[in-house]
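Dear colleague,

Please find below the structure that I am handing over to you. After it, I set out what was found.

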Amino acid sequence: MTKEELLEKAKLLPLTPGVYLMRNRAGTVIYVGKSKALRNRVSSYFSPSVPHYGKTEKMIRSVCDFEVYHTATELEALLQENAFIKQFQPHYNIKLKDSVVYPYIRLSAGEYPALSVVYNRSGGNEKDRYFGPFSSSHVAYEIVSAASRAFGLPTCRKAFPKDIGKGRPCLNYHIGQCCGLCIRGQVSAGEYRERVAGATQLLRGEYGGLLKQLAEQMEQASESEQYERAARYRDCIRAVKKLGDKQQIVADPDVEADIVGLYQDDLGSAVALLFVRGGAITDRDCFFFGADEILNPAALEGLLQRFYELRGFVPRRICLSMELPEEESTLLTSWLSEKAGGKVQLYRPKRGEFRALTDRADENAKQLLLHRRAEEEKQGGFLLSFAQFLHLEVVPDRIEAYDISNSGGEHTSCGMIVLEHGKFAKRQYRSFSMREVEGQNDIASLTEALTRRFAHDGAEAGWEYPDLILMDGGVAQVHAAQAVLAQRGLSIPVLGMVKDEHHKTRTLTDGENELSLNRRQDVFVFLYKIQEEVHRFSLSRMDARRRKTVKQSSLTAIRGVGEAKAQALLAHFGTYEKLKTATEEELQEVKGINAETAHNIYLHFHR
């Protein structure tokens, strides 16, 4: 349809809420939007009196048809728009991946609370307390580690009070980083609760009040000549100060807010979120979008809705650096308030500390985007040089590397690692355990693994075909890979990383010729990292299989336990350590384990 025909079609729409889908010549959905008045919004795209620029103009030129879905309310339209964006992944919509999962720190309920990192707030006791969410598991684990060290909380897998007095204290106790709760009589329940209370204040960001309280307790202990106790408070003060120094105090101590900043230019855009907890910036998140993804007020509204839907936690104050139209602002505020279970403020501050924070968020978005581009440009330049050095026809945006590991001819595994744009993409890693090959036969094992890998279609998500394949080996491994590719009718370059006497790649082979790396230190370092990573991954997968087999074999040595029951026991308890500490009653909860067998298992671990 022409632009004029599309305009006439749009004028026939009602002035009611709904969602519209823009399609290109191939019928593909390229943009999804919503409006409280469909006729006005859709007509504006094709009206000659309404100017459009940049990505919006480009999108309109690609539209050949559209369809609409009518809804009863604006809120329903918002939810339907979000569902369509997830379903169609339109080219011009900004998107957040469903794979994003935000971690929380959980403080368990009970007599001896413990800190842990979780990804689901509904999995524990209803009396458990949660802190977060955090932008990454790395941040969450770092905070748990710091809080545990500061107050000497145990980080082992022991369950208290059941495990008090069982086993020996771990290394953390001997180096002064654990209070030794596992030693009977070492720590009273009251003292442990005191430690947990301090850790809780630390997690809430109450550094000032916590430091004052610890200083008073240290002074009291010193005056009472309890010098060891005073020394413990001193160490806590040092740890709290060290963690507090990393936080940027930006507002009053009771302020809890999310600050949203953005930056965009012709090459793309970025949205940065600063998380203010206890008056300090405790974490940050940032999302990057391409040149064809439209970032306007309506798109920002959809992005925030998707973000808080994935994140699960909504603060009572959200400050934006972009002014949302009243329609979008009212609708999103209503949805956020319902999600938070209370009134949420969503606004663009004009002055004061929150205006300064939105300016800071804007600058964060800009600098992070520019830094990302600089890194990509640098990496892109290296990959181009790398392709020229190897005489490749295309720049290898996706590289796969393979290595075989086994233990005395058993538990053979083939590890496959992936690099995308020159960086390790660990979520794309795969491991193949041999099903047909027996004994130690690297070439046959490699052939089986590659045959199974390339049985997947290149259009399948996570199994896209690579631009280059690297083998941890020489001519034989290269020829094996080339034979599998030939059977599939695929033409993908394959190179073997030939090791020298120091187990380092100094030469590449394509099965016929060799290429020395002596004059390209940058290529040598790049390939060395790949070789080490694929070897590490392959070995870890093989070792995991070996350990599982060893544990299962140790269980089958127990009277009344066969392979099926051994597997059921490991599956029920999750870890071998939990199985070892289980009571006879807990063992009998496993399907197939009677009282006699449970008694035999318990004796096996508690002789």
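F307 is buried, its relative accessible area being 1%. Y308 is buried as well, with a relative accessible area of 0%. Here, buried means under 20% relative accessible area, exposed means over 50%, and partly exposed lies in between (1.4 Å probe, protein chains only). F307 and Y308 also form an edge-to-face aromatic pair, with 4.9 Å from centre to centre and 80° between the planes.

Please note that this is a predicted model, in which local features need pLDDT of at least 70 and side-chain atom pairs count only at pLDDT 80 or more, while totals for chains, interfaces and linings use all residues. Residues are numbered from 1 along each chain as its sequence is written, and side-chain values use heavy atoms, with hydrogens and water left out.

Across the whole structure, 18 aromatic pairs were found. Rings of Phe, Tyr and Trp (its six-membered ring) pair if their centres lie within 6.5 Å; planes under 30 degrees apart count as stacked, over 60 as edge-to-face and the rest as tilted. One aromatic cluster is made up of Y20, Y31, Y45, F46 and F66.

Strands are DSSP runs (E, at least two residues), as helices are (H or I, at least four), and both are numbered from the N terminus. In strand β1 (residues 18-23), five of the six residues are buried. β1 runs antiparallel to strand β3 (residues 65-70), and six bridges join them; two strands pair if DSSP finds at least two bridges between them. M22 has F66 as its bridge partner in β3. β1 also pairs with strand β2 (residues 29-35), again in the antiparallel sense and over six bridges, and R23 stands opposite V29 in β2. The hairpin of β1 and β2 has five residues between the strands, and G27 there takes a positive phi near 85°.

Finally, two arginines lie over aromatic rings. R430 lies over the face of W463, at 4.8 Å from the ring centre, and the charged end of R453 sits over the ring of F454, 4.5 Å from its centre. For this, NZ of Lys or CZ of Arg must be within 6 Å of the ring centre and within 35 degrees of the ring normal.

Yours sincerely,
A colleague
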